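Subject: Structure handover

Hello,

Here is the structure for you to look over. Please open it first, then read on.

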Amino acid sequence: MKRIIGILFAIIVLVSCNSQKVYSDFDISYSKNGGPSPIYENLLIKANNAHYSFEGQGKKFKQDFKLTNEDLKKLDNVLSQNNFRRIQEDRKKLYDNVTTTINIKKGPNEGSKTDASLVMPNYKTNWNNILNAFQEIINNNVKKQ
């Protein structure tokens, strides 16, 4: 009996650890969260596979989809053309603000940027172009219910 309980416990631990893998194993991540009425929006990309999740405003939604090589190349071009790695973040403190964070773990644009304290004014256009590229991927691939 103890052995059965031990095996069941091990299975539960393995399953619970594996369910969080999607949130840590990615090449590119886009997350938007916070605000007075909190929202949590995530787009995680690993190779051509994408995982999207949204929670807030009384809604909860998840969807997996595939991206084409052309979509990934277009995103990479937008990141390069807008100097993702050179974007400078402001250091002012902001509270109750919806924050967007982008993490790139592979390629020439590798880095992490956030607008948690806003982005320096001379990089605002570049940042908005990058945000629009991610939003375009979400709008073209996610079928919200």
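The model is predicted. Mean pLDDT for the protein is 85, with 82% of its residues at 70 or more. One stretch needs care: residues 18-22 have pLDDT below 50. Beyond near neighbours in sequence, that stretch has two contacts in the model. Where pLDDT is low, predicted coordinates should not be read in detail.

Now the fold. The protein has three helices and six strands. Their order along the sequence is α-β-β-β-β-α-β-β-α. Of its 145 residues, 36% count as buried. Take the contacts with a separation of 6 or more: residues 24 or more positions apart account for 55% of them.

Next, the helix pair. How do α2 and α3 run relative to each other? Helix α2 covers residues 69-81 and helix α3 covers residues 124-141. They pack at an angle of about 165 degrees, and their axes are 9 Å apart. An angle over 145 degrees counts as roughly antiparallel, so α2 and α3 are roughly antiparallel to each other. Their crossing is left-handed.

Which residues make the contact? From α2, they are Lys74, Leu75, Val78 and Leu79. From α3, they are Asn129, Ile130, Ala133, Phe134, Glu136 and Ile137. By class, this contact of α2 with α3 has seven nonpolar residues, one polar and two charged.

Best wishes

Methods:
Residues numbered from 1 in each chain as written. Predicted model: local features only at pLDDT ≥ 70, side-chain atom pairs only at ≥ 80, totals over all residues. Heavy atoms only, no water. Axes fitted to C-alpha atoms, helices over the stretch in contact; angles between N-to-C directions. Helix = DSSP H or I, 4+ residues; strand = E, 2+ residues; numbered from the N terminus. Parallel < 35°, antiparallel > 145°, perpendicular 65-115°, else oblique. Left-handed = near helix turned anticlockwise from the far one by under 90°. Contact = heavy atoms within 4.5 Å. Nonpolar A, V, L, I, M, F, W, Y, C, P; charged D, E, K, R; others polar. pLDDT = per-residue confidence, 0-100. Buried < 20%, exposed > 50% of the residue type's maximum accessible area, 1.4 Å probe, protein only.
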